[in-house]
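Please study the sequence and the model before reading each solution.

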Amino acid sequence: MRTILAACLLFAACDKEETVPPAPIPQPVVCCASEAPEQFSPSHNAALSAPTAWRWRSVQGAARYAIEARCDWTGPGGQNYSATLLSTTTTDTMIVQTDLPTSPVSWSGAQGQWRVVALGSDNTAGPWSEYRNFSIQ
């Protein structure tokens with residue numbers, strides 16, 4: 001009797017349908033930002049000195065941001081210089097630059113422009129912000 005009961009229980013257990021949990025619903029991948037970040041500071045035509053806080057508004061769909069600032073100036077003897085002041089990426093909406101990069105001559109009087117772009121999770125860039133001009137004191 002026990003053998004028959006055990007066989008019936010085993011058969012009943014094998015006859016049950018296994019319930020499989022539903023597959024997770026895939027979340028959409030935000031690959032890129034559709035708008036340019038709005039710059040807050042430094043303002044257009046600002047006179048910079050170190051430290052400088054570069055700030056912008058966050059953009060929906062941004063996984064990180066790329067920022068670049070370039071300068072041009074005339075050094076001793078009338079020689080023209082062009083250099084990158086800042087070129088980096090961050091997940092934040094602000095970068096504080098505590099000092100100026102080394103340069104063959106003083107940065108004083110340099111005129112520059114800066115801009116920022118939002119990057120999606122797949123590294124796709126949205127539109128760049130407008131250029132903002134600045135000078136270095």
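**Exercise 1.** Determine how many cavities of 30 Å³ or more the structure holds, and describe the lining of the largest cavity.

*Solution.* The structure holds one cavity of 30 Å³ or more. A cavity is a set of points on a 1 Å grid over the protein atoms alone where a 1.4 Å probe fits but cannot get out; its volume is the space filled by probe spheres set on the points, which are joined across faces, edges and corners. This is a predicted model, in which local features need pLDDT of at least 70 and side-chain atom pairs pLDDT 80 or more, while totals for chains, interfaces and linings use all residues. Residues are numbered from 1 along each chain, and side-chain values use heavy atoms, without hydrogens and water.

Next, the volume of the largest cavity is about 40 Å³. Its lining residues (an atom within 4 Å of a point) are L48, A50, T52, W54, L85, Q97, D99 and L100.

**Exercise 2.** Identify which residues touch the most other members of the largest nonpolar core.

*Solution.* A nonpolar core joins buried Ala, Val, Leu, Ile, Met, Phe, Trp, Tyr and Cys residues through side-chain atoms within 4.5 Å, buried being under 20% relative accessible area with a 1.4 Å probe, protein chains only. Among the 24 residues of this core, W54 and F134 touch the most other members. Strand 4 (64-74) is one of the elements giving two or more residues; strands are DSSP runs of E, at least two residues, numbered from the N terminus. With five residues, strand 4 gives the most to this core.

**Exercise 3.** State in which sense strand 7 and strand 8 pair.

*Solution.* Strands pair if DSSP finds at least two bridges between them. Strand 7 (residues 111-119) and strand 8 (residues 125-128) are antiparallel, with two bridges. V117 lies opposite W128 in strand 8. Five residues separate the strands of this hairpin, where N123 has a positive phi near 75°.

Technical notes: On a 1 Å grid over the protein atoms alone, a cavity is a set of points where a 1.4 Å probe fits but cannot get out, and a pocket is an open set with protein on both sides within 12 Å along at least five of seven lines; lining residues have an atom within 4 Å of a point. Helices (H or I, at least four residues) and strands (E, at least two) are DSSP runs, numbered from the N terminus. Buried means under 20% relative accessible area, exposed over 50%, partly exposed in between (1.4 Å probe, protein chains only).
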